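The sequence and structure are shown first.

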Amino acid sequence: TWHLKKIPQIVRERTFSLDSPKFEAKTKLELNSVCGIECQRKLPVPSLSDLKNLLSYETVFENGTRTLTEVNVLGAVLDSAANTTTRRPSRKKRQIYGTDSRFSIYDKRFMTNFPFNTAVKISTGCSGILVSPKHVLTAAHCLHNGKDYVKGSKRLRVGLMKTKSRGNGRKRKGTSDGIPSFQWTRVKSTHIPKGWFKGVSGDIALDYDYAVLELKRPHKRKYMELGISPTIKMMPGSMIHFSGFDNDRSGQLVYRFCSISDESNDLFYQYCDAEPGSTGSGIYLRLKEPNKKKWKRKIIAVYSGHQWVDINGEQQDYNVAVRITPLKYAQICFWIHGNDESCTQG
């Protein structure tokens, strides 16, 4: 069951103009030397002043201008309890673990309907998910490398899936009904938490690898709501699901599901088969609505991708996702609605 939780408040305090970014960083779809499972367990609990700094955010507009918004955090519960498990199956150093368990979605009845039609392609090479009539959730590293915005993010676009049709509906010989094409929409503005920037965290802080894009025009499609990420124990079979546009299956929407193997307060560690291109996908669960027989899917994490980290002096790899905690729910909800009144419970 989805359990309602009281959400902290993110309150805008001041907004400053900043110099325009250079937009010269290279897009990196695989991150190196980030804080891994053991490192995460040793991290101190951030103080309230830390949170205010980490959750302040930059906004970049389509004309290249940039602002920094400082925030205050009200009602945050600073929980020092470690939230980890210890199940770690052995795996090979690759992004496909054992038999490739991904599914390419060819049938347009699935492709253009919920939940698959909420998956979008980002013009920098990542994936994302629709979270409102005008907003897309994706990974911060698809737009910013920790120091500068990536090339191509100045004229950022989002591709919504549509099925190809020609004229009066006649199908060209040799073409498939199931191959999607994209209807591209310009991005009006981009929000990235300050916690992602290297100058704030000292190194790339994977906990803050998320961003929200505001589209210039509403998309008029069904989108997926945000949910608070439950612990592994509260998930049916510990299973998660996500769809994205993996680079090795060009033009195809790729769906997968798998179980989570380990968790920290802010991250899920899992071995879902995924290739570059699927980073930024929205990870979702299907749970029952409280006091109803109805089931509902909600986004509970953002897929950050395949990561290499140092563990006991050795390089090890895993696939990692950023959990939507109550604080992150409050921030993303604030970005979508522009106020905290719509974000009191999640």
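Which residue lies over the face of Trp184, and at what distance from the ring centre? Arg157 takes this position, at 4.7 Å from the ring centre. A charge counts as sitting over a ring if NZ of Lys or CZ of Arg is within 6 Å of the ring centre and within 35 degrees of the ring normal. Lys328 likewise lies over the face of Tyr208, at 5.7 Å from the ring centre.

The model is predicted: local features need pLDDT of at least 70 and side-chain atom pairs count only at pLDDT 80 or more, whereas totals for chains, interfaces and linings use all residues. Residues are numbered from 1 along each chain as its sequence is written, and side-chain values use heavy atoms, with hydrogens and water left out.

**Overall features**

The secondary structure comprises five helices and 18 strands; helices (H or I, at least four residues) and strands (E, at least two) are DSSP runs numbered from the N terminus. Of the 346 residues, 53% are buried, a term that denotes under 20% relative accessible area, with exposed over 50% and partly exposed in between (1.4 Å probe, protein chains only). Among contacts with a separation of 6 or more, 74% involve residues 24 or more positions apart; a contact means heavy atoms within 4.5 Å.

**Aromatic pairs**

Six aromatic pairs are found in a search of the whole structure. Rings of Phe, Tyr and Trp (its six-membered ring) pair if their centres lie within 6.5 Å; planes under 30 degrees apart count as stacked, over 60 as edge-to-face and the rest as tilted. Two of the pairs involve Trp335, as tabulated here.

| Pair | Centre to centre | Angle between planes | Class |
|---|---|---|---|
| Tyr57 and Trp335 | 5.5 Å | 75° | edge-to-face |
| Tyr210 and Trp335 | 6.1 Å | 40° | tilted |

The pair of Tyr57 and Trp335 links strand β3 (residues 57-61) with helix α5 (residues 326-337), across 278 residues. Tyr57 is buried, with a relative accessible area of 3%, and Trp335 is buried at 5%. Tyr210 lies in the loop between α4 (198-201) and β11 (211-215) and Trp335 in helix α5, so their pair ties together parts that are 125 residues apart in sequence. Tyr210 is also buried. Ring pairs join Tyr57, Tyr208, Tyr210 and Trp335 into a cluster.

Strand β6 (residues 119-122) pairs with strand β7 (residues 127-130) in the antiparallel sense over three bridges, where pairing requires at least two DSSP bridges. Val120 has Gly128 in β7 as its bridge partner. Four residues separate β6 and β7 in this hairpin, and Gly125 in the turn has a positive phi of about 110°.

Gly282 lies in strand β16 (residues 282-288) and is buried at 3% relative accessibility. Beyond residues up to four places away in sequence, Gly282 touches Ile129, His241, Phe242, Ile299 and Ala301. Gly282 and Leu130, 152 residues apart in sequence, have their C-alpha atoms 8.6 Å apart.

**Confidence**

The mean pLDDT, the predictor's confidence in each residue from 0 to 100, is 79, and 75% of residues reach 70 or more. Confidence is lowest in strand β2 (residues 31-32), at a mean of 61, and highest in β11, at 97. Over residues 81-94 pLDDT stays under 50, with 38 contacts beyond four places in sequence in the model. Over residues 171-176 pLDDT also stays under 50, with two such contacts. Where pLDDT is low, predicted coordinates should not be read in detail.
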